[in-house]
Amino acid sequence: MTRLKVNGEEAELAAATIAELLAERGIDPKTRFLAVAVNGAVVRRAEWPTACLAADDTVEIVRPFQGG
Amino acid sequence: MTDPLVIADTTFSSRLIAGTARFPNQQVMLDALAASGAQLVTASIRRISLEGYSGSLIDLLGDKYRILPNTAGCVTARDAILTAQLAREALDTNWVKLELIGDRELLYPDVEQLVHAADELVRKGFIVLPYCNEDPVSCQKLADVGCAAVMPLGSLIGSGMGIANPAAIELICSRSPVPVVLDAGIGTASDAAQAMELGCDAVMIDTAIAKSHDPVRMAAAMRAAVEGGRLARLAGRIPKQRFAEPSSPQLGLVGS
């Protein structure tokens, strides 16, 4: 288990990669308009299966919403 | 296309940029956007719910409209830059409506952070449209760092107070080397027409449409107002004068 901060919340997760993290959270990685950053840097979609997560990483998972 | 709006070599026939927030429901938003004639519509970038994905309204818009992501709510250049980068990844666009808020109640821009973030985003290859103060110096600084347009506020975001300082907006329009998009404060159609008459290249409207009693009809009104204001600007208004000038002939009056 790895301790991560995901979208502002502390979480203990088994995921070792971004793809696994999304799967563990019930998010289809093929979802359109999704974007992920780890420790303040965007990780491209193509790298999600291989990008490794380490303890205390801060992960942001975002998508577009209505806005003005 | 006659009289197109051109921002960063991209051509738009509509001079109305529409927001997508605060509509009573999804169908009204879609109908209002269609009635507005807008081609460019704004979106925010937010954390997804960790309880699993649910559909976003943007899923419905992505194929029909060009999406302009914003950095609404960001108070530091760092957060705004990351939000812009996430938006670029999510939406496959390097356009960003850069917002950097200096006061959470007034939603006034933080000029210092804004210019810094704009500079950095331009260097990273973004097309930056900053929401900014209605101040010719700030607007010039933003143009100088390479912003593709400037978006001075008419009045406070969501306030519907119209254009509080028309002289400043007119001054910005007369001096700006990049397109000027009036952003924030528009309350009704006459405000949008006034913005165009003052020389703005486009207007950005969200709340005035979305929170009106009939958003679809108001969207149509805004479209007509923007088109009317633009035509009036191009036609050139008559000068104001202090005295009456009869429009009917002075000779041949009956009874004289």
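Analyst: Start with a definition. Axes are lines fitted to C-alpha atoms, for helices over the stretch in contact, and angles run from 0 to 180 degrees between N-to-C directions. In this predicted model, the axes of α3(B) and α4(B) come within 9 Å and cross at roughly 35 degrees. The crossing of α3(B) past α4(B) is right-handed.

User: What makes the contact between α3(B) and α4(B)?

Analyst: From α3(B) come A77(B), A80(B), I81(B) and A84(B). From α4(B) come Q113(B), H116(B), A117(B), E120(B) and L121(B). By class, this contact has 6 nonpolar, 2 polar and 1 charged residues.

User: Why are α7(B) and α9(B) called roughly parallel?

Analyst: Set the angle against the cut-off. Helix α7 (residues 189-197) and helix α9 (residues 215-235) of chain B pack at about 30 degrees, with their axes 7 Å apart. Angles under 35 degrees count as roughly parallel. Therefore α7(B) and α9(B) are roughly parallel to each other. The crossing of α7(B) past α9(B) is right-handed.

User: Which residues meet where α7(B) packs on α9(B)?

Analyst: Among them are A189(B), A192(B) and M196(B) in α7(B), and A221(B), A225(B) and G229(B) in α9(B). The classes are 10 nonpolar, 4 polar and 3 charged residues.

User: How do you know that α1(B) and α9(B) are roughly parallel?

Analyst: Use the cut-off again. Helix α1 (residues 26-36) of chain B packs with α9(B) at about 20 degrees, and their axes are 7 Å apart. The cut-off for roughly parallel is under 35 degrees. α1(B) and α9(B) are therefore roughly parallel. Their crossing is right-handed.

User: Which residues of α1(B) and α9(B) meet?

Analyst: V28(B), D31(B), A32(B), A35(B) and S36(B) belong to α1(B). They meet P215(B), V216(B), A219(B), A220(B), M222(B) and R223(B) in α9(B). This contact divides into 8 nonpolar, 1 polar and 2 charged residues.

User: Now chain A. What pattern does chain A follow along the sequence?

Analyst: The pattern is β-β-α-β-β-β. That makes 1 helix and 5 strands.

User: How do you know that chain B agrees with a compact globule?

Analyst: With 256 residues, a compact globule would have a radius of gyration near 18 Å. Chain B has 20 Å, which agrees. Its C-alpha trace spans about 85 × 40 × 40 Å along the principal axes. Chain B has 9 helices and 10 strands.

User: Which strands of chain A pair with β3(A)?

Analyst: Strand β3 (residues 35-38) of chain A pairs with β5(A) in the antiparallel sense over 4 bridges. β3(A) is also joined to strand β4 (residues 41-43) of chain A by 3 bridges, again antiparallel. V38(A) has V59(A) as its partner in β5(A), and A41(A) in β4(A). The hairpin of β3(A) and β4(A) has 2 residues between the strands, and N39(A) takes a positive phi near 50 degrees there.

User: How do you know that β5(A) pairs with a strand of chain B?

Analyst: At least two bridges are needed. Strand β5 (residues 58-66) of chain A has 5 bridges to β4(B), and the two run antiparallel. V62(A) stands opposite R47(B) in β4(B).

User: How many residues of chains A and B are in contact?

Analyst: 30 residues of chain B contact 25 residues of chain A. On the chain B side, β4 (40-47), α2 (58-61), β5 (66-69) and α3 (77-91) each supply at least two residues. That side has 15 nonpolar, 10 polar and 5 charged residues.

Notes: Residues are numbered from 1 along each chain as its sequence is written. Chains are lettered from A and ligands numbered from 1 in the order in which they are written. This is a predicted model: local features need pLDDT of at least 70, side-chain atom pairs count only at pLDDT 80 or more; totals for chains, interfaces and linings use all residues. Two residues are in contact if their C-beta atoms, placed from the backbone, lie within 7 Å. Ala, Val, Leu, Ile, Met, Phe, Trp, Tyr, Cys and Pro count as nonpolar, Asp, Glu, Lys and Arg as charged, and the others, Gly among them, as polar. Angles under 35 degrees count as roughly parallel, over 145 as roughly antiparallel, 65 to 115 as roughly perpendicular and the rest as oblique. A crossing is left-handed if the near helix is turned anticlockwise from the far one by less than a right angle, and right-handed if clockwise. The radius of gyration is taken over C-alpha atoms; the globule rule is 2.2 Å times the number of residues to the power 0.38.
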